Amino acid sequence: MILTFDDLAIKYKDYTDIKGKIRRDILSKQLIPLKRGLYETNAKTDGKLLAGVIYSPSYLSFDYALSYYEMIPEAVYQTYTSATYKKYKTKRYENDFGLYTYRDVPNAVYNIGVKIILENDYSYQIAIPEKALCDKLYSISPVTSLKGLESLLFDDLRIDMYVLKQLNKNTIDILAPLYCVNNLKYLLKLMEKLN
């Protein structure tokens, strides 16, 4: 269960030294700090369930989501990459559950292509596969040609062409122009070529 300092202040209202009680609970592993003023009570909680609470608003995307959907061959363990908006800088938190990074995506795309998943009394948000790919391409240095994008996708990211063909082209047609970057313009061309 996720608890804030205020939750604990209420829970421990009968203690004369609330901060001392929290420190003792951290030492005994009854509380696991997520970031300043935010704690988890279960050390076995899956780290993905905590990403949206550590920094919000946010949803899991980029490498984490690409790995989650098995679009890239690398498994991402205890590294949770999330998208946010209007923060204007990359944020990073590290705790017992893993490394959490957050980076902006354009405001126009933030609410599109994100699903909410309920798991073990927690909920988390994650980009659908098409959105995760668009977010990733948005975050990478721009390519200057269709051939450059193909090299980026198939050689650098090692996305299988078959996997790419399975993506919903209509969703990419809606999302890609909203990013206003070359990588996504070339992705539209590549999707036309593949279909």
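**A chat about the model**

Modeller: Happy to: strand 2 (residues 32-35) and strand 3 (residues 38-40) pair in the antiparallel sense over 3 bridges. Two strands count as paired if DSSP finds at least two bridges between them. Strands (E, at least two residues) and helices (H or I, at least four) are DSSP runs, numbered from the N terminus. This is a predicted model, in which local features need pLDDT of at least 70 and side-chain atom pairs pLDDT 80 or more, while totals for chains, interfaces and linings use all residues. Residues are numbered from 1 along each chain as its sequence is written, and side-chain values use heavy atoms, with hydrogens and water left out.

Colleague: Which residue stands opposite L38?

Modeller: K35 does. The hairpin has 2 residues between its strands, and G37 takes a positive phi near 80 degrees there.

Colleague: Which residues other than glycine have a positive phi?

Modeller: D121 is one of them, with phi near 65 degrees. D121 lies in the loop between strand 8 (114-119) and strand 9. E70 is also not a glycine, and its phi is about 55 degrees. You'll find E70 in the loop between helix 4 (62-68) and strand 5 (79-84).

Colleague: Is E70 buried or exposed?

Modeller: E70 is exposed, at a relative accessible area of 66%. D121 counts as exposed too, with 85% relative accessibility. With a 1.4 Å probe and protein chains only, exposed means over 50% relative accessible area, buried under 20%, and partly exposed in between.

Colleague: Changing topic, where is the cis peptide bond with omega about 0 degrees?

Modeller: That bond joins S56 and P57. P57 is found in the loop between helix 3 and strand 4.

Colleague: What volume does the largest pocket have?

Modeller: About 160 Å³. Of its 15 lining residues, the closest to the centre are G52, S58, S123, Y124 and Q125. Helix 3 (51-54), strand 4 (59-60) and strand 9 (122-127) each give two or more residues to the lining. A pocket here is an open set of points on a 1 Å grid over the protein atoms alone, where a 1.4 Å probe fits, with protein on both sides within 12 Å along at least five of seven lines; lining residues have an atom within 4 Å of a point. The volume is the space filled by probe spheres set on the points, which are joined across faces, edges and corners.

Colleague: And how many helices and strands does the chain have?

Modeller: The chain has 10 helices and 9 strands. Buried residues make up 44% of its 195 residues.
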